[in-house]
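Please walk me through this structure, one piece at a time.

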2 protein chains.
Amino acid sequence: MSEFTDALADVAAATETALLKLIPAGDGPESQVIDAMRYSVMAGGKRLRPFLVLATADLFNVSRACSERVAAALEMIHTYSLIHDDLPAMDDDDLRRGKPTCHVEYDEATAILAGDALLTLAFEVIAHQDTHDSAKIRSDIVLEVSKAIGAHGMVGGQMLDLVAEDHVLGVSEITRLQRMKTGALINCSCQAGAILGKASETQRHLLNAYAHDIGLAFQIADDLLDIEGDPKELGKATKKDEAAGKVTFVSLLGVERAREQAEILTDQAMKHLEIFGEKGNLLRDLAQFVIERRN
Amino acid sequence: MSEFTDALADVAAATETALLKLIPAGDGPESQVIDAMRYSVMAGGKRLRPFLVLATADLFNVSRACSERVAAALEMIHTYSLIHDDLPAMDDDDLRRGKPTCHVEYDEATAILAGDALLTLAFEVIAHQDTHDSAKIRSDIVLEVSKAIGAHGMVGGQMLDLVAEDHVLGVSEITRLQRMKTGALINCSCQAGAILGKASETQRHLLNAYAHDIGLAFQIADDLLDIEGDPKELGKATKKDEAAGKVTFVSLLGVERAREQAEILTDQAMKHLEIFGEKGNLLRDLAQFVIERRN
């Protein structure tokens, strides 16, 4: 896997370079919101969504100059969702990846605005002609992304998670919640790469199935790490779900069946990539990484 | 003016019909966020931004089917900005137009998410092919709008307003704040109509100057109403700025000079419309309305 972790690190570095370029430091008293945007996008993370955009776009030989802009835009959206989810009125988290969350480092108002501005900037970056010569492609990506992250996608998933605190969820409900809350953005990362690459309907359908499977496997792996992971390697406390009485795939299925399920999903994900031949290797390695990762 | 107020009421009705159609009631436990979106977009208001989109698009004979979608999208963005600005961490307002604000009617988490989802849906509506056959036009509107409302526009203006509480502002700083916080969205309402109408560079430049002037006049009129308005007609308490020790155009210039300034801006705004001949009458009437309104 070390070749793969190098590839992952390269994508992270390229994404961070793009993010800093797309969010230049401001001046004037209002630049506090820009500082907060830069702080939050640079707070680390695996840059999984950028990786999916780039690896998918690579299948179709899209220029990295194009795909890196879209990758950075989707990472802005991921960051906005984390900033807002961490707010006191939502999940009320003070730390993320060992660093103070945005509203702790700045203040609540600045964090709300930084999230709003990152979401807005993501659409600006996608719609800008530097992203692709074809306005149809730019507009299609805006549409795909906005559908994925709105009230019927990511935002709906966060709402569901908040109201779920008062309900007992079963496997199908937890699956639906995960598909909306985290799956939709993972999915549209692949779709954005596919749109850039002018993928066929069949190719898009297969990439959709792949993303669906690895999204779910990723969530199950996350739940397993919360039970079995090493707090030092993870950079965060474990057994939080259990302590909070939160229903997860692991609490519903048990450790063994949850692990089996993640492996089945990963195998399925690999099968969807067959038509791409060797070009699909980066996406294959990612599927494997998702369930083998230690943090 | 009664013909004009009829036109304004017609636009408001058409916008509300479009908004309800674009945000259909949801089902499932996550539909609370959709309820909150519908609640806030239907909480009234003059629908000034939709009026500007439609009246500008009318200059170029754009079909109302197209311009009403963009008008509704910009009203979603205006509503999102109000929901977030009203939050306890921001301006902490419990009432708006005599109704409980979104976080009071629902809760803070739902209000944050409803704002996020309205912003996102606005881009979905603009990018959808029903808005215009030309992907270039859709993409250009996404770009224009996202630039106007991000960290260098509306969101930056709100940040400036929050940090300004600790500073003494002069006329030029107050003008800059207003241009960012409310002017940018008013401006891009005209520009969105102009893009739909494939306006020339000169036409876009003149509409930009018009919007700039009425935006500022609107703000001065607002400050004057806070001093001189009738709380019953306004549907809100007056003399709030003074009580809060807030610097406004009126506190800086005095009532007389502020009124003069608003009239000068309105006259200037009218002049920018000359090349449009009689077709510009709706926009002319709006400029007059902005400073004559009682609420």
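Helix α6(A) has 20 residues, which at 1.5 Å a residue should span 28 Å; its end C-alpha atoms are 29 Å apart, so the two values agree. The expected span here is 1.5 Å times one less than the number of residues in the helix. Helices (H or I, at least four residues) and strands (E, at least two) are DSSP runs, numbered from the N terminus. Of the 20 residues of α6(A), 19 are buried, so the helix is largely enclosed by the rest of the structure. A residue is buried if 20 or more other C-beta atoms lie within 10 Å of its own, exposed if 12 or fewer, and partly exposed in between, with C-beta atoms placed from the backbone.

A word on the source. This is a predicted model, in which local features need pLDDT of at least 70 and side-chain atom pairs count only at pLDDT 80 or more, while totals for chains, interfaces and linings use all residues. Residues are numbered from 1 along each chain as its sequence is written, and chains are lettered from A and ligands numbered from 1 in the order in which they are written.

Now the two chains. Two copies of a chain are related by a rotation about an axis and a shift along it. The same surface serves both copies, since 98% of the contact residues of chain A recur in chain B.

Next, the interface. Chain A brings 42 residues into contact with 41 residues of chain B. Contact means that the C-beta atoms of two residues, placed from the backbone, lie within 7 Å. On the side of chain A that touches chain B, the elements giving two or more residues are α2 (32–41), α6 (108–127), α7 (135–149) and α8 (154–164) of chain A. The largest share, 12 residues, comes from α6(A). By class, this side of chain A has 25 nonpolar, 10 polar and seven charged residues. Ala, Val, Leu, Ile, Met, Phe, Trp, Tyr, Cys and Pro count as nonpolar, Asp, Glu, Lys and Arg as charged, and the others, Gly among them, as polar.

Back in chain A, follow α8 to α9. Two packed helices are described by the angle between their axes and the distance between the axes. The axes of α8(A) and α9(A) come within 7 Å and cross at roughly 145 degrees. Axes are lines fitted to C-alpha atoms, for helices over the stretch in contact, and angles run from 0 to 180 degrees between N-to-C directions. Residues of α8(A), including A:Met154, A:Leu160 and A:Ala164, meet residues of α9(A), including A:Leu177, A:Met180 and A:Leu185. By class, this contact has seven nonpolar, three polar and two charged residues.

Further along, A:Gly193 sits in helix α9 of chain A. With 29 C-beta neighbours inside 10 Å, A:Gly193 counts as buried. Leaving aside neighbours within four places in sequence, A:Gly193 is in contact with A:Leu52, A:Val53, A:Thr56, A:Ala57 and A:Ser67. A:Gly193 and A:Ala71 are 122 residues apart in sequence, yet 8.5 Å apart in space, C-alpha to C-alpha.

Finally, two loops. Most residues other than glycine have a negative phi. A:Asp92 has a positive phi of about 55 degrees although it is not a glycine. A:Asp92 lies in the loop between α4 (64–85) and β1 (95–96) of chain A, and counts as exposed, with 12 C-beta neighbours inside 10 Å. In chain B, phi of B:Lys198 is near 50 degrees, also a positive value in a residue other than glycine. B:Lys198 is in the loop between α9 and α10 (201–228) of chain B. B:Lys198 is exposed, with 12 other C-beta atoms within 10 Å.
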